[in-house]
Amino acid sequence: MSALPPEDRLHEAAPPEARLTEADRALVRLLDRLEAHRYAFVAPTPSTASVVAGRRRRARPDDLRDVLGWSLPFAPGDLPDDVEALLRAGEALRPDGELLRPTLRVSTVDGRLHLHSARGTGAEAVFLGPDSYRFVRLLHETLDRRPGFTRALDIGAGAGVGALALAARAPLAAITATDVNPQALRLMRINAVHAGQPLHVVEGSGLAGRTGPFDLVVANPPYIADAAGRTYRDGGGALGTAVALGWAREALEVLAPGGRFVLYTGAPVVEGRDVVRAGLADLAAARGLDLAYEELDPDVFGGALRRPEYDAVERIAAVGAVLTRP
């Protein structure tokens, strides 16, 4: 493997543990405790989570999945003492009348536990859900076909599911992860320390000033046009495609020869025309790149089509794209 650039050499001298506060360390211990007791939870869509959580008003005593999966409030003393104490020490509880409600959730992706935001925690929430699972599956399928990489970048990494999946596949590779949301960076560091993976975490939008070269860049950007401008949801532009196409253009500037950009996103289809595919095809043709493109799910976020800005859209597809520099 080639010598690491200065920022990665600096990162080796200052591992993620060095950036953790005492509250962060309590949450690492929480993840360790949950893993030891074989906690597991699959994060569903927000609508599914609302339906399931709405079936009861509060968590059942000692039910960690009710609290840390479904985000239900609980009475003090209902959880094992060490779990409640770690949530308090991690500053991850808020009052809800006479009950307590978690501000974070824990979900299992790719066999690893990940902290992310609880339901209803605002515009700067760190989202993890079905798209995260499809994104990781796309990464594995892409790397199964051609596994080698030494420097990788995950743009807008959120809770870190993509970056940690890459780190687990290539323990000797230098993995950088960016995000504009400070809460995402915090949870990413905690998740990385729990997983034992030394991510280089950088605050900023897009590439956040990373100059490459990288032989693998990956991204799972937001892709819904969102009037509220929520960071985890708003894909920018009229149909929510601006962030995905913008990150693709940025990524191509830092790809090494033979490097790949792997994109998972949602693609609005207008009169049978996939808007994202057309944009990536134009980009590939202009740059002399190879494009592999796959529709992974033909119809996601169908409820968005009821909104006026989607009047011309017949469906939103979940898609995977790989752009390769020859």
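**Helix packing and salt bridges in a predicted model**

Let me begin with helix α2 (residues 22-36) and helix α5 (residues 81-89), which pack at an angle of about 150° with their axes 8 Å apart, the axes being lines fitted to C-alpha atoms over the stretch in contact, with angles running from 0 to 180 degrees between N-to-C directions. That makes α2 roughly antiparallel to α5, a label used for angles over 145 degrees. Helices here are DSSP runs (H or I, at least four residues), and strands likewise (E, at least two), numbered from the N terminus.

This is a predicted model, in which local features need pLDDT of at least 70 and side-chain atom pairs count only at pLDDT 80 or more, while totals for chains, interfaces and linings use all residues. Residues are numbered from 1 along each chain as its sequence is written, and side-chain values use heavy atoms, with hydrogens and water left out.

Turning to salt bridges (a side-chain nitrogen of Lys or Arg within 4 Å of a carboxyl oxygen of Asp or Glu), the structure holds 16. One of them joins Arg186 to Asp24, with the closest N and O atoms 2.5 Å apart, and this pair links distant parts of the chain, Arg186 lying in helix α8 (residues 182-195) and Asp24 in helix α2, 162 residues apart. Arg186 counts as buried at 18% relative accessibility, and Asp24 is buried at 5%, where buried means under 20% relative accessible area, exposed over 50%, and partly exposed in between (1.4 Å probe, protein chains only).

Also in α2, Glu22 and Arg25 lie 3 residues apart, about one turn of the helix, and their side chains meet in a salt bridge at 4.0 Å, N to O.

How values were computed:
Angles under 35 degrees count as roughly parallel, over 145 as roughly antiparallel, 65 to 115 as roughly perpendicular and the rest as oblique.
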